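Opening my notebook on this one. I'll jot down what I looked up, in the order I got to it.

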Amino acid sequence: MPREDATVFVVDDDEAMRDSLHWLLESMEFRVATFASGEDFLAAYSPRQAGCLVLDVRMPGMSGLELHDRLNAAGVALPIVFITGHGEVPMAVAALKKGAVDFIEKPFAERDLLAIIERCLALDAARRLERGEREQAQQKLATLTPREREVMDMVVVGKLNKIIADSLDISIKTVEVHRARVMEKLEARSVADLVQRVMVAQGGKPPPAN
Amino acid sequence: MTPPAENLALAAPSASTPEAPAASPEPAESPRAAAPEANPPRPLATTAGGRPPLDRTAVWLLPNIAVICFIVAMGALLHVLHRQELEQQRAALVRDIQWAEQTIRLHLQANQEVLTQFANEMAQGTLDPDAFLLRASQHMANNPELENMVWVGENTLIRWSAPFETTARLVGERLPRGPSDEAFRRARETGRVAYSEPFLPDRPEAPFGDARQRADGSATIEIHVPIYEDKLFRGTFSGAYSVSGLLYHLAPPWFTDKYQLALLDREGRLLGTRAGATLDDPALTQEIPFEPLGKGLKLQVASLRTESRFAQQMLTVLILGLSVTIVWSFWMLRRHMGGRRQAEVERDRLFNLSLDMLCILSLDGTFRRANPAFERILGYSRDSFLGRPTLELVHPDDREATRAELKKLATGEPSTYFENRCRGADGRYRWLLWSVNPAVEEGLLYAVAHDITDRKEGEQALASAYAFRKAMEDSILTGMRASDLEGRITYVNQAFCRMVGLPEAELIGRLPPFPYWAPEAEEIDRRCLERTLEGTAPASGMEALFRRANGERFDARVYASPLIDAQGRQTGWMASINDVTEQKRSREALRASHERFVAVLDGLDAAVTVADLDAGNLLYANRAARRTFGCEPEQNQTCASPWQVLHEMVAPDAGDAEQAIDTELQHPANGCWYHLRARAIKWVDGRSVRMEVATDITEHKLAEEMSRQQLERLQRTSRLITMGEMASTLAHELNQPLAAIANYSMGCVSRLRSASFNREELLRTMQKATAQAERAGQIIRRVRDFVRKSEPQKNLVAVAEIIEEAASVAEGAAHKRGARIVLDLRADLPQVLADRIMIEQVLLNLVRNGLDAMEQAPPNLRRLTLTAEPAPDPSMVMVSVVDRGHGVREEAMAKLFEPFYTTKAEGMGMGLNICRSIIELHQGRLWVEANPQGGSVFRFTLPTGA
């Protein structure tokens, strides 16, 4: 359960609404943080904090949509659930198009809210895991020497040692040494594993096909 | 008057200069001193030319007489002196001549006695020849007047002769016949001494005659002394005297120095002189009879030119000379005086006749004398200004300068010409040019004043005419160039010099090519000149390109005309040159500005057109107008203007052509909105035209529409006019507390279910939920209050008033949407019992719906008609709102008035529902029908007050 290290951020200008949401979400055993405005939230939030954002669409000052835009612009991929009132459905649809996870119309059922928030938290956790693996792989890749990197680039596209040696104008033996060092540094058990790690490091894209 | 001036010297320098100095010394010694006019200043005019000539003769009479008397006296004196002198001389002469006669006679007697001695001795016979010869020679040596001594015998024969060397009487000869022989005979006969007649020894027979007529010798006279020896005649002793020798030897030298001695015979014939010449002056001659030598002989003494005589003559000559000199000098003086007089007369005549004013002033400037020209020119009578100071007459402005001149003159410094103005008797000032010569020692100033008023005025007129002409010439901007028939420049004016930038001196006299011809356009300029000289220059002028001195080029327009002199002959050509560069430039500038104007107008997004008011044809259309409205003023005269395009399609009946228009209209074809402004202006040619500017305001219109809607919404909430809006707000506001209550409740349920709850916490939360429920209750109460407040307050009102008011409120909205609201109200409608505000809100709601429905309709159809008419039920009045919008679908008709039914994206579906509620509150009915012409008709009925 990701509930322990994830927080549900609530931004709503209506104090009753904020307080009651806090009460409700707490009863669902989420960690909850509430903010009266988008500005307050931006001031307090750090992208490292995992969780999701429950956001009122209509607020004085910075509206929910604006806050969403700001977060997108800042590259914060926090999943967002919009709470909408009467006649605000078109706004919510626009928000979905910009990447919000879902919206829920006031007044809402407990079940619906729980399902949505859990989905958001799962999504956030998955995103954070993926990002963590990528960063790890990238760090490992960064430890390679240029020559090892060259050798590795050729290995991952399936070239034989001999061909690598010829094209780099070095001995096969040297290629084998480089290759062993690459495998060791990236902690790859096989060539397939190596390819997997390189893909992770490069954001899921297949390695260059040269 | 002051002016001294030296100008007199200039006017008559030769006359005045010698005269002035001559004036002072002359009167002292000339007879003029006595003349009457020598008296001091008397006006010349009186003495003028009128003195009779008699006077002048009288003047001269005395000196004439004096001179004549003087000369006569001198003559008389001379004569008396001469006479006295002559008398004295004559007396001396007589004395001397008597002395001379006596002397000669004594000598002759002595000689006679010697001869008588000889005769006596002969007679006594004591005489021998030798003794004779000795004694005779001795005697003759002592008495040289004797030529010879001879003894003539009784028979006339010469016996003895002494001296022995004599040749006149030779011994042995006979006495010649004639006077000698005759004297011998007489001596013989008478026995007495006898003298012969004078004869010439060489021709003794002829009488001697006059010595002055003969040159062959001197007269000789012989003496014969008879010798008687006792009565016996023995001949004679004879002596021969030469008359000349006689006179020569017997007159002493002192005598001969003084006189001329002459011997004359009885007839007065000269026998001989001491000097051999006769004297002219008979007055100085004295004759006395000289008997001893014979009968009738005379001794004549003429006084010779002596010292005293010479002095006397000198004296005479001197006196005569002096007299002549006096007469001559007197005559000269007379002549000179005559000349002077003539000169004076002439001068006076000139003085009087002079057209210039001549005057003599004292040093302080007082008039002493003036000629008639003064009277004539200044108009004063002479007496009135003589003795007056000149300064009185001088113009006040010139007085200072005149005074200074006078001061200068008083020091003797001659004045050069100077001018001043003097007042005439008529009060007018005359310009006078003065020239004054001072004579300080006389205390006078001699002045000449020339009246130069005419000249001055002429000069001024000329100067002003010249200045005017010059100013005119200099002020005109047209260059003038005169040339003779060959094209040589004879005159240029200032403007031309300025134009070509060359001084006049460099242009005058130049022959083509002229220095101001532009080299590149020389052919044009030459042709231009040739045409001028040929006389074929067009009256409209010729184009030429000239060059300024600084190299700048300018376009010129040249007009030529013949130059005619005073005799009517053509002497050349006058060309007037205009610098048309500026004109060209301004023409260019005008064109450029026109292009700019056109570019600006064409660059405008707004369509600008100008149409004739009467004919209606387009005069101008910019590019936007042509593009948007297809106007082509040149091609299609009947093309419609934007006003016609926009307005006539909406309302062909409306619009006064001359009225100013400021409105917004929708284009019938492209649907764009235009802000059209039109007003009548004066077109360039003076006719009245209408200018229209149509600005595309579609964008603006949309934005405005948006803001208008917002504004309207605001108005609606503030006035709480639209029930639907209120319902929406109500829904939103209720949502908040409801959602909060739900959340609190769900949280409680969840906690209670999991049993992990804090009781206090739950209690607090439940209280919060209760508070939210109260909040919701308050909202509900507010709505109820509103509803209560807005319950109809029915009054009797004219339905037409409500409709008109609603129409006027909606007019703005309709206008913005390009629609028009048309009222069709029956005049005889009864009043209705209704809440005026609520019915108005219903009407506004229906009108807005209608306008919304027509949003997509063609603009010309966007017309909303409000009608009021009696309903079929006579106790009701029916109001209809007729639109030409999209209409209401059949299936929607039934749901239309249900709550929350809406066809609008943002509508809540409460409007019509509330409207129906309001109408029903009034016991009326609201329904909808389809408009047979398209669109829908909403109708409601209201009960009449009856």
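I started with a helix pair: helix α24 (residues 799-816) of chain B packs against helix α25 (residues 836-853) of chain B at an angle of about 40°, with their axes 9 Å apart. Helices here are DSSP runs of H or I with at least four residues, strands are runs of E with at least two, and both are numbered from the N terminus. Axes are lines fitted to C-alpha atoms, for helices over the stretch in contact, and angles run from 0 to 180 degrees between N-to-C directions. That angle makes α24(B) oblique to α25(B) (under 35 degrees is roughly parallel, over 145 roughly antiparallel, 65 to 115 roughly perpendicular, the rest oblique).

Next I checked which residues meet. In α24(B), I noted I802(B), I803(B), V809(B) and A813(B) among them, and on the α25(B) side the list includes I839(B), L843(B), V847(B) and L851(B). Contact means C-beta atoms, placed from the backbone, within 7 Å. By class, I got 12 nonpolar, no polar and four charged residues for this contact. Ala, Val, Leu, Ile, Met, Phe, Trp, Tyr, Cys and Pro count as nonpolar, Asp, Glu, Lys and Arg as charged, and the others, Gly among them, as polar.

Housekeeping: this is a predicted model, where local features need pLDDT of at least 70 and side-chain atom pairs count only at pLDDT 80 or more, while totals for chains, interfaces and linings use all residues. Residues are numbered from 1 along each chain as its sequence is written, and chains are lettered from A and ligands numbered from 1 in the order in which they are written.

Then the whole of chain B: I have 27 helices and 33 strands down for it.

Over to chain A. I found an open sheet of five strands in the order β2-β1-β3-β4-β5, with parallel pairing (strands pair if DSSP finds at least two bridges between them). β2 (31-35) and β5 (102-105) of chain A are at the edges with a single partner strand each, so one side of each has no neighbour in the sheet. Strand β4 (residues 80-84) of chain A pairs with β5(A) over four bridges, and V81(A) sits opposite D102(A).

α1(A) lies across β1 (7-11), β2 and β3 (51-56) of chain A, at about 175° to β2(A).

Last, where do the chains touch? I see 17 residues of chain A in contact with 19 of chain B. Helix α1 (residues 15-27) of chain A gives the largest share of chain A's side, nine residues.

Conventions: Contact = placed C-beta atoms within 7 Å.
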